Amino acid sequence: MSTPSRISLTRFLIEQQRDHSRINSDLRLLIEVVARACKRISIAVGKGALGGVLGSAGTENVQGETQKKLDVLSNEILLEANEWGGHLAALASEEMDDPHPIPHRYPKGEYLLVFDPLDGSSNIDVNISVGTIFSVLRCPEGVRDPDERAFLQPGSRQVAAGYAVYGSSTVLVLTFGDGVHVFTLDREQGSFILSAANVKIPEDTGEFAINMSNLRHWEAPMRRYIEELLAGKTGPRGRDFNMRWVASMVADVHRILTRGGIFIYPRDLKDASKPGKLRLMYEANPMAMIVEQAGGAATTGRERILDIVPTRLHQRVPVFLGSKNEVERATAYHREADA
Ligand code: P6P
């Protein structure tokens with residue numbers, strides 16, 4: 001029998017559970033309800049100005065950032081989708097100060113879900129791709145009412161990670177620690193269809209992604225690395241480089257997963273109290289797991305992101321991720337400077 005060209009997310013998850021024992025039924029349910037929530041978010045995002053959900057919600061999140069109406073809506077969609085299934089012990093989100101407990105009327109499960117419901121939302125009103133990023137951890141043994149401490153596990157303990165990009169197409173990217181798989185939403189059928197399995201990031205690249213306006217605030221090794229790229233053929237790298245910066249992490253990371261590149265949001269001295277802009281638990285960690293599973297690398301410029309033991313739910317870290325050889329070079333420059 002010929003292999004069907006269209007493998008749905010449901011079939012893929014069943015086979016991961018039945019044939020490969022990679023996941024259990026609770027984790028399969030978790031991914032299915034998150035994928036369904038992403039479809040609902042995709043529909044809301046896709047309505048744009050006609051949906052009455054653009055613009056500011058008039059509130060601020062724990063980061064002190066103005067919340068967009070779609071930030072709040074996306075967060076509510078993910079909470080509602082995950083409360084009743086019995087697969088989670090608690091949830092946490094960029095949009096909520098503290099973890100969200102499972103209501104007493106529902107059973108609890110063994111997993112913790114932490115997410116950025118709508119990353120890049122500052123791009124919403126100008127119709128640039130945004131996305132959802134999520135990370136799955138196990139709830140520590142014996143913890144019945146998990147609080148922030150239950151979430152403070154290194155990224156190497158994630159059992160799954162993924163993101164959805166709401167762009168020209170809606171794409172869902174997943175890893176369970178055994179490769180990275182890409183699903184594209186068939187809008188007519190309403191199903192995510194496997195479009196690429198075991199994706200690999202090229203180890204070398206000619207493309208970098210960074211917000212250059214912060215250059216004067218960077219540390220010396222960071223400036224050295226970028227100035228060498230800008231010097232191109234005439235400089236020590238002996239080749240020209242191209243630059244992209246969408247200012248939606250999901251869009252930049254998806255480009256890198258698809259064709260290579262290095263994404264950098266370094267520590268900058270604009271605000272010395274902040275070690276970086278991006279959040280460890282629901283941006284850096286899930287993207288680092290995905291990138292490493294695709295043969296790339298992910299560091300803070302000094303250490304592997306997945307080794308960091310978190311101290312706070314919303315802590316920030318510098319992020320260097322993507323094509324292995326470029327991330328290793330930039331990291332080596334920082335370590336040399338420290339030495
Ligand atoms: P800047 C979006 O707000 C975000 O958290 C990431 O998605 C994105 O990579 C970064 O911030 C953009 O930051 O400083 O360029 O606006």
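Student: What should I know about the model before reading it?

Tutor: It is predicted: local features need pLDDT of at least 70, side-chain atom pairs count only at pLDDT 80 or more, and totals for chains, interfaces and linings use all residues. Residues are numbered from 1 along each chain as its sequence is written, and side-chain values use heavy atoms, with hydrogens and water left out.

Student: Which atoms lie 2.7 Å and 2.6 Å from an oxygen atom of the ligand?

Tutor: A polar contact is a pair of N or O atoms within 3.5 Å; within protein, one must be able to donate a hydrogen and the other to accept it, and residues adjacent in sequence count only if both atoms are side-chain atoms. For Met249, a backbone N or O atom is 2.7 Å from a ligand oxygen atom. For Tyr265, a polar side-chain atom is 2.6 Å from a ligand oxygen atom. An N or O atom in the side chain of Lys277 is 3.0 Å from an oxygen atom of the ligand.

Student: How much of the ligand's accessible area does the protein cover?

Tutor: The protein covers 84% of the 400 Å² that the ligand has on its own, by the Shrake-Rupley method with a 1.4 Å probe.

Student: How do I read a sheet?

Tutor: Strands of a sheet pair through backbone hydrogen bonds, either parallel or antiparallel. Strands are DSSP runs of at least two residues, numbered from the N terminus, and two of them pair if DSSP finds at least two bridges between them. Strands E8 (170-175) and E9 (180-186) run antiparallel, joined by five bridges, and Val171 stands opposite Thr184 in E9.

Student: What is the order of the five strands in the open sheet with E12?

Tutor: The order is E12-E11-E13-E17-E15, with mixed pairing. Strands E12 (242-243) and E15 (297-299) are at the edges with a single partner strand each, so one side of each has no neighbour in the sheet.

Technical notes
Helix = DSSP H or I, 4+ residues; strand = E, 2+ residues; numbered from the N terminus.
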